[in-house]
Amino acid sequence: VAPIIPGLTDHEIPRIVARAADAGARFASYTVVRLPLAVKDVFGAWAGTHYPDRANKVLNQVRAVRGGVLNDPRFGHRMHGSGPVADVIRALFQSACVRSGLTGPAPTPSAAHFRRPSDQRSLFDDDVR
């Protein structure tokens, strides 16, 4: 479920998780919106145009999740955030997953079934110049 925008899309978490489970999902994860560099200006303008009544609330909620700023790039914080607003989002997501039966572990990534197409060349092939 991504990106969750605090104060704008967080209320949709239960419905999205339920629909994913209905469609056959066995696992779910989420990320909270990050607004780095110029993205913060574009997002701020978009929110002001489309949601003028709550644009400031949304931006303040993003700041609440990001330690007072719109982007926290630190590993372990950037995907889910921290603080009371992030805790509410996490609890809502987890309860939606439990209600929908998406409580299994994350799948283990594997490249076992990956096959390079025969016409694709590699930089590591001996005859590449």
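Biologist: How many salt bridges does the structure hold?

Modeller: The structure holds 2 salt bridges, a salt bridge being a side-chain nitrogen of Lys or Arg within 4 Å of a carboxyl oxygen of Asp or Glu. Please keep in mind that this is a predicted model, in which local features need pLDDT of at least 70 and side-chain atom pairs count only at pLDDT 80 or more, while totals for chains, interfaces and linings use all residues. Residues are numbered from 1 along each chain as its sequence is written, and side-chain values use heavy atoms, with hydrogens and water left out.

Biologist: OK, which residue does R74 pair with?

Modeller: R74 forms a salt bridge with D72, and their closest N and O atoms are 2.8 Å apart. D72 is buried, with a relative accessible area of 8%, whereas R74 is partly exposed at 46%; buried means under 20% relative accessible area, exposed over 50%, and partly exposed in between, using a 1.4 Å probe and protein chains only.

Biologist: And where do D87 and R90 lie?

Modeller: Both lie in helix α4, 3 residues apart, which is about one turn of the helix; helices are DSSP runs of H or I with at least four residues, numbered from the N terminus. D87 forms a salt bridge with R90, with the closest N and O atoms 2.8 Å apart. D87 is partly exposed at 42% relative accessibility, and R90 is partly exposed too, at 26%.

Biologist: Switching to the inside, which residues of the largest nonpolar core touch the most other members?

Modeller: Of its 14 residues, those are I13, V17, Y30, I89, F93, C97 and L102, where a nonpolar core is a set of buried Ala, Val, Leu, Ile, Met, Phe, Trp, Tyr and Cys residues joined through side-chain atoms within 4.5 Å. Helix α4 gives the most to this core, with 5 residues.

Biologist: What does L102 touch?

Modeller: Leaving out residues up to four places away in sequence, L102 touches V17, A21, A25, R26, F27, A28 and C97, contact meaning heavy atoms within 4.5 Å. A second, separate core of 11 residues includes I5, V33, L35 and V58.

Biologist: Which residues of helix α3 are buried?

Modeller: In α3, which spans residues 55–65, the buried ones are A55, V58, L59, V62 and V65. Seen down the axis of α3, they fall within an arc of 120°, so they line one face of the helix; the arc is that of the directions from the helix axis to the C-beta atoms.

Biologist: What covers them?

Modeller: The cover over the buried residues of α3 includes α2 (37–50) and α4 (84–100).

Key: Helices (H or I, at least four residues) and strands (E, at least two) are DSSP runs, numbered from the N terminus.
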